[in-house]
Amino acid sequence: MPTVGPGAPAPVPARRPALRVALGAVALAAVVAITWSVARGSGTDDQAAGGSGGPTASPTHHGGASGGPSPSASPTPDPNAGYRVVFKDRPFALRAPSAAGFNYIDLDVPKAVPGAQIDESPYEITYNGVSGIGLEFHTPMGRSTGRTAQACLDGSHSDVLPDQVRREELDKGRTIHVGTLLCTETTDGNLAMIEITGMTPNRESEMPNFATKVTLWEKS
């Protein structure tokens, strides 16, 4: 053992490595504890303020931006109006009679019957040459804006012509002309459309001959 001289400080024994390691571990544990306490306090503050500390899921809305049910689509109008086609665009000549003659028109067939008839009930139209009477309608006859059954039915109710269209008016071609769609509910309860496709003068009666196409619907 070394001898310590008088007045010399006593030597300090060297620290062991194990002691240094232990002190370092204690210091690290203290730092971890302090950090955990701070982090926990921050999380508590976030929750108190209404946050969850994580991403917030957006609420899901159903049925549009308002959250209510989507509005239903408007119902599509039925172009057939409860009718089905019997025949379509059948060529038919609506000829003017002689100056004192008659042509009766049955649109349910269609057919033209010349000469005076005692029973007019089956017919929708009389083309009358006497005194220039012209077209006589026995069922309400209107003008359609379209070629569907619904448009025809609407026209037969909403744009109804007078029950006579006389010779002078027929010659002018204003009330009835090429392109006119005439519609009526027939004596048999069907729906008929007459499309005027041509007009030629008749010199004997001074009233036009009409080239037409006839379409007939019956209730389905």
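**Entry one: Asn 190**

I began with Asn 190, which sits in the loop between β8 (181-185) and β9. Elements here are DSSP runs numbered from the N terminus: helices are H or I of at least four residues, strands are E of at least two. Before going on, I noted that this is a predicted model, in which local features need pLDDT of at least 70 and side-chain atom pairs count only at pLDDT 80 or more, while totals for chains, interfaces and linings use all residues. Residues are numbered from 1 along each chain as its sequence is written, and side-chain values use heavy atoms, with hydrogens and water left out.

Is Asn 190 buried or exposed? I found it buried, because its relative accessibility is 13%. (Buried means under 20% relative accessible area, exposed over 50%, and partly exposed in between, with a 1.4 Å probe and protein chains only.)

I then looked up what Asn 190 touches. Apart from neighbours within four places in sequence, Asn 190 is in contact with Asp 108, Thr 184, Glu 185, Leu 216, Trp 217 and Glu 218; contact means heavy atoms within 4.5 Å. With Asp 108 there is also a polar contact between the two side chains, at 2.9 Å. (A polar contact is a pair of N or O atoms within 3.5 Å; within protein, one must be able to donate a hydrogen and the other to accept it, and residues adjacent in sequence count only if both atoms are side-chain atoms.)

**Entry two: the sheet around β9**

Next I followed β9 into its sheet. Five strands form this open sheet, in the order β1-β10-β9-β8-β6, with antiparallel pairing. Two strands pair if DSSP finds at least two bridges between them. I see β1 and β6 (141-143) at the edges, each pairing on one side only. From one strand to the next the twist averages 25 degrees.

Eleven bridges join β9 to β10, and among the partners are Pro 201 with Pro 208 and Ala 192 with Leu 216. Between β1 and β10 there are nine bridges, and Phe 92 stands opposite Thr 212 there.

The hairpin of β9 and β10 has four residues between the strands, and Glu 206 takes a positive phi near 60 degrees. Ser 205 is in that loop as well. I call Ser 205 buried because its relative accessibility is 4%. Which residues touch Ser 205, leaving aside its neighbours within four places in sequence? I found Ala 96, Pro 97, Ser 98 and Arg 167.

(Axes are lines fitted to C-alpha atoms, for helices over the stretch in contact, and angles run from 0 to 180 degrees between N-to-C directions.) The buried residues of α2 are Ala 149, Ala 151, Cys 152, Leu 153, Gly 155 and Ser 156.

How many disulfides are there? I count one, formed by Cys 152 and Cys 183 with their sulfur atoms 2.1 Å apart; the cut-off for a pair of cysteine sulfur atoms is within 2.5 Å. Cys 152 lies in helix α2 (residues 149-158) and Cys 183 in strand β8, so the pair ties together parts that are 31 residues apart in sequence. The S-S torsion is about -120 degrees, which means the disulfide is left-handed. Cys 152 is buried at 0% relative accessibility, and Cys 183 is buried at 0% too.

Four bridges join β2 (residues 102-106) to β4, and Asn 103 stands opposite Tyr 127 in β4.

Last, I looked at what is packed inside. A nonpolar core is a set of buried Ala, Val, Leu, Ile, Met, Phe, Trp, Tyr and Cys residues joined through side-chain atoms within 4.5 Å. The largest has 23 residues, and Ile 125, Tyr 127, Leu 135, Phe 137, Leu 170, Ile 176 and Phe 210 touch the most other members. Which strand gives the largest share of this core? I found that it is β10, with four residues.

I checked Ile 176 as well: beyond its sequence neighbours within four places, its contacts include Leu 135, Phe 137, Leu 161 and Met 199. A second, separate core has nine residues, including Tyr 83, Leu 181, Leu 191 and Met 193.
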